[in-house]
Amino acid sequence: MELLSHLLLGLQTAATPANLFYCFVGVFLGTAIGVLPGLGPTATIAMLLPVTFVLPPVSALIMLAGIYYGSQYGGSTTSILVNLPGEAASVVTTLDGYQMAKQGRAGAALAASAIGSFFAGTVATFLIAGFGPPLAAVALQFGPAEFFSLMVLGLVASVVLAQGSLLHAIGMVVLGLLLGLIGTDVNSGTQRFTFGIYDLADGIGFVTVAMGMFGLGEIIRNLENEEERSVMVTKITGLWPTREDFKRMVAPILRGTIIGSALGILPGSGSILGSFAAYSIEKKISKNRAQFGKGAIEGVAAPESANNAGAQTSFIPLLTLGIPSNPVSALMVGAMIIHGIQPGPSVINEQPSLFWGMIVSMWIGNLFLVVLNYPLIGMWVRMIMIPYQLLYPGILVFCAIGVFSLKNTEADIYFMALFGVLGYVFSKLGCEPAPMLLAFILGPLMEEYLRRAMLLSRGDPTVFLRRPISATLLALAVLAMCTVLIPAFSKTREEAFVESSS
Amino acid sequence: MIRSGKDFWTGLIYLFFGVSAILIARDYSLGTGGKMGPAYFPTILGGLLVVIGVIAVIRSFVVPGAPIGAFAFKGLILVTTAVLVFGFVVRGAGLVVALPLLVIISALASSRFRWRPTLIMAAGLTIFCVLVFIKGLGIPLPIIGPWLGG
């Protein structure tokens with residue numbers, strides 16, 4: 001019953017009044033930004049990161065995690081009520097959720113989403129608790145060669161799951177790795193690519209890059225076509241699902257949870273893919289498949305469970321291996337480093353209260369979400385009414401002040417502007433910024449592991465193939481790359497992204 | 001004839017960064033495989049980027065692709081300018097000048113810009129940020145800067 005004692009330790013950490021408060025603030029803010037279209041979790045976490053520096057590490061991470069899964073949840077509320085997905089992962093929810101709302105069954109749809117998300121969140125919490133320690137134990141045996149290969153696998157997976165051209169995704173990864181090397185080289189003290197600029201000696205902060213590419217870049221892109229947002233708010237009635245609804249929800253929630261959990265662990269757009277995959281599977285196997293697109297409750301329950309499960313299981317590689325799997329967890333890695341915690345397999349042994357506290361807080365946060373959302377629906381709907389032309393200058397203000405406060409220097413504001421332009425240009429060229437941010441954070445780490453592995457092998461590069469775990473990881477990376485070339489898979493991949501971006 | 005603008009321009013960007021990385025890294029010591037110098041990893045990455053760039057450029061002449069689409073120059077220029085102006089004046093003139101400037105210049109990018117709500121927004125945000133960020137979180141930014149005798 002080691003698991004129980006661990007969870008108890010987590011409960012002791014997460015249930016202190018202060019941490020409950022930060023968890024609440026996190027999910028509340030998360031829901032709010034999930035509701036607001038055009039403001040994603042990556043930009044928000046980047047903006048709020050400086051504020052969390054004053055908190056103890058556990059509270060900071062609990063709050064940041066809350067923002068992330070809260071945003072997944074908020075996105076679905078608006079998908080159902082007003083047909084506006086606040087988050088990419090909740091796009092498929094609009095298909096049936098909004099139809100249900102139009103038929104006066106908004107309440108049942110919201111309940112399906114809430115129950116599905118809560119169930120998926122609970123399962124995912126136990127998955128992290130169950131798989132975390134053994135995975136970390138395996139990872140503790142890793143040498144530098146294994147870590148290097150693991151990062152290669154992570155980056156390849158993010159490329160495979162990225163949107164658009166494979167070649168450009170690889171290019172973005174390499175570019176990200178390169179940009180991550182700007183600054184002082186830890187081994188020799190050489191200033192690399194700094195052009196004699198003092199502010200570059202420590203490198204460009206990942207928060208600066210994230211705010212530029214995801215905050216500014218996104219705003220400029222949204223200004224391209226300011227669509228009329230005439231919000232037709234449907235009346236919320238039938239707040240409780242019928243017995244029939246419950247019966248129809250059970251299986252889709254279970255399947256959605258499994259699919260979402262599995263895809264969430266993969267790097268890249270795992271939670272987006274999860275919700276799409278769960279929806280299309282339901283559509284194929286459901287008895288009520290004729291109803292899909294016309295307000296089938298299965299079409300809400302399955303993707304909602306999947307995206308919440310995915311949002312949470314994406315913490316598994318982060319907490320056990322120290323490898324981020326998406327831009328949000330990349331920011332969490334940065335947050336941990338700033339708080340003096342080296343993310344990796346040793347966290348679980350050296351900081352057990354942090355590890356377990358975070359896990360239990362996720363479950364508490366999910367409970368908050370369910371309890372919060374019903375009474376606050378009216379407020380969320382009013383928030384959607386804020387016109388974008390008033391919203392985005394405000395976002396810019398928070399980005400500018402936030403990025404300044406990182407090192408108290410204006411230079412970061414200029415770098416942020418530069419990355420905003422870069423982010424916009426790349427998005428016009430069809431290159432996704434997410435793999436680049438991931439690579440940006442991993443760049444210096446990868447170089448370090450490569451150096452150490454090669455030092456130990458006296459310059460023999462076959463070390464990556466001679467060590468069994470490392471070789472397996474690299475083989476998996478090659479395999480992942482090959483799947484893209486299989487026509488059936490690449491077709492599904494394209495469909496997934498076409499549907500989620502339309 | 002370029003058949004895919006996206007491939008062509010992205011390829012050129014990759015080539016630019018790749019070639020620059022290799023050229024700049026020549027100033028640092030390369031080291032050996034067993035004892036990598038500061039230039040080793042950047043040179044590998046630069047080389048990879050050059051290869052990817054070349055493939056993209058060649059592909060752009062062979063495989064047709066979707067057009068790039070119009071750039072939102074108004075938004076791009078105004079939003080970037082607004083942020084840069086904020087950076088330039090915030091220390092000298094203080095937050096009460098820099099913040100409204102950021103809000104107004106960036107708001108001009110919207111096709112639905114109107115003065116009244118923008119000014120109210122600017123005033124409200126300034127008060128909020130002074131209270132929360134300067135008074136509350138103690139971020140070392142002047143409220144009224146030395147240029148204005150603050």
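## Contacts and the nonpolar core

Two residues are taken to be in contact if their C-beta atoms, placed from the backbone, lie within 7 Å. In this predicted model, and leaving aside residues up to four places away in sequence, Met211(A) touches Ala43(A), Ala46(A), Met47(A), Leu216(A), Cys399(A), Gly402(A), Val403(A) and Met416(A). Met211(A) is also one of the five residues, with Leu396(A), Ala400(A), Val83(B) and Leu102(B), that touch the most other members of the largest nonpolar core, which holds 212 residues. Helix H6 (residues 106–140) of chain A supplies the largest share of this core, 18 residues. Because domain 1 (5–62) and domain 2 (73–148) of chain B both give residues to the core, it lies between these two domains.

## Overall form of chain B

Chain B has 5 helices and 0 strands, and its pattern along the sequence reads α-α-α-α-α. Its radius of gyration is 24 Å, whereas a compact globule of 150 residues would have one near 15 Å, and its C-alpha trace spans about 55 × 45 × 25 Å along the principal axes.

Of the 150 residues of chain B, 37% count as buried. Among the contacts in chain B between residues at least 6 apart in sequence, 65% join residues that are at least 24 apart.

## The side of chain B that touches chain A

Between the two chains, 58 residues of chain B are in contact with 53 residues of chain A. On the chain B side, the elements that give two or more residues are helix H1 (5–25), helix H2 (40–62), H3, H4 and H5 of chain B, and the largest share, 11 residues, comes from H3(B). By residue class, this side of chain B divides into 41 nonpolar, 13 polar and 4 charged residues.

The buried residues of H2(B) include Tyr40(B), Phe41(B), Leu45(B), Leu49(B) and Ile52(B). The buried residues of H2(B) pack against helix H8 (166–180), E2 and H19 of chain A, together with H1 of chain B.

Helix H4 of chain B (residues 95–107) has 13 residues and reaches 18 Å from its first C-alpha to its last, close to the 18 Å expected at 1.5 Å a residue. H4(B) is mostly covered, with 10 of its 13 residues buried; among them are Leu95(B), Val97(B), Leu99(B), Leu102(B) and Ile105(B). The buried residues of H4(B) pack against helix H17 (388–407) of chain A, and also against helix H3 (73–93) and helix H5 (115–136) of chain B. Leu102(B), buried in H4(B), is also named among the residues that touch the most other members of the largest nonpolar core.

Most residues other than glycine have a negative phi.

Arg458(A) is found in the loop between helix H19 (434–456) and helix H20 (463–466) of chain A, and it counts as exposed because it has 11 C-beta neighbours inside 10 Å.

Methods. Residues are numbered from 1 along each chain as its sequence is written. Chains are lettered from A and ligands numbered from 1 in the order in which they are written. This is a predicted model: local features need pLDDT of at least 70, side-chain atom pairs count only at pLDDT 80 or more; totals for chains, interfaces and linings use all residues. Helices (H or I, at least four residues) and strands (E, at least two) are DSSP runs, numbered from the N terminus. A residue is buried if 20 or more other C-beta atoms lie within 10 Å of its own, exposed if 12 or fewer, and partly exposed in between; C-beta atoms are placed from the backbone. The radius of gyration is taken over C-alpha atoms; the globule rule is 2.2 Å times the number of residues to the power 0.38. The expected span of a helix is 1.5 Å times one less than its number of residues. Ala, Val, Leu, Ile, Met, Phe, Trp, Tyr, Cys and Pro count as nonpolar, Asp, Glu, Lys and Arg as charged, and the others, Gly among them, as polar. A nonpolar core is a set of buried Ala, Val, Leu, Ile, Met, Phe, Trp, Tyr and Cys residues joined through C-beta atoms within 7 Å. Domain bounds come from an automatic or database domain assignment.
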